[in-house]
Amino acid sequence: MKINGNCELIFDENWQPVKIAIRGSHGHWTGANGDQLDWEGSYEAFFDGTFTADLDIVGGTGRFERATGNIKGGGYNDPETGYAVSEGKGYITILK
């Protein structure tokens, strides 16, 4: 997975940091066969290690070449493994 984008630190009314908003992010997921599913979207990362995401599917390679869709979800960063654990729901349309 590759992630890019612009970040903004969000504060509450007492100037305490609340979250980091990441917009304009894009990346891809790669299947076992090497086909890539491309996405663009935004994240909100909270200081308790949780996050939410809203991702648009914008094509890819191989069987995902003209894929479209949207996935919304969230999760947390596992401090023991260093990996993000997440779940998303949405839809993907794959044209043949």
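## Close-up views of a predicted model

**View 1. Strand pairing around T68.** V58 has T68 of β5 as its bridge partner, in a model that is predicted rather than determined by experiment. The two strands that meet here, β4 and β5 (residues 68-77), run antiparallel and are joined by 9 bridges. T68 also has a bridge partner in β6, namely T93. Strand β6 spans residues 84-93, and its pairing with β5 is likewise described as antiparallel, over 10 bridges.

**View 2. The hairpin of β5 and β6.** Between the two strands of this hairpin there are 6 residues, and G82 adopts a positive phi near 85 degrees.

**View 3. The tilted pair of F11 and W15.** The structure holds 3 aromatic pairs. In the pair formed by F11 and W15, the ring centres are 5.4 Å apart and the planes stand at 50 degrees, so the arrangement is classed as tilted. F11 is partly exposed, its relative accessible area being 35%, whereas W15, at 64% relative accessibility, counts as exposed.

View 4. The accessibility of the two partners is as follows: W29 is partly exposed, with a relative accessible area of 30%, while W39, at 1%, counts as buried. Ring pairs link these two tryptophans, W29 and W39, with Y43 into a cluster.

**View 5. The largest nonpolar core.** Nonpolar side chains in soluble globular proteins tend to be buried together. In this model the largest nonpolar core has 11 residues, made up of I22, L37, W39, Y43, F51, A53, L55, I57, F64, A67 and I71. The elements that give two or more residues to this core are β3 and β4 (50-60), and β4 provides the largest share, with 4 residues.

**View 6. The surroundings of F64.** When its neighbours within four places in sequence are left aside, F64 is in contact with D35, Q36, L37, G59 and I94.

Terms used. Residues are numbered from 1 along each chain as its sequence is written. This is a predicted model: local features need pLDDT of at least 70, side-chain atom pairs count only at pLDDT 80 or more; totals for chains, interfaces and linings use all residues. Side-chain values use heavy atoms; hydrogens and water are left out. Rings of Phe, Tyr and Trp (its six-membered ring) pair if their centres lie within 6.5 Å; planes under 30 degrees apart count as stacked, over 60 as edge-to-face and the rest as tilted. Buried means under 20% relative accessible area, exposed over 50%, partly exposed in between (1.4 Å probe, protein chains only). A nonpolar core is a set of buried Ala, Val, Leu, Ile, Met, Phe, Trp, Tyr and Cys residues joined through side-chain atoms within 4.5 Å. Contact means heavy atoms within 4.5 Å. Two strands pair if DSSP finds at least two bridges between them.
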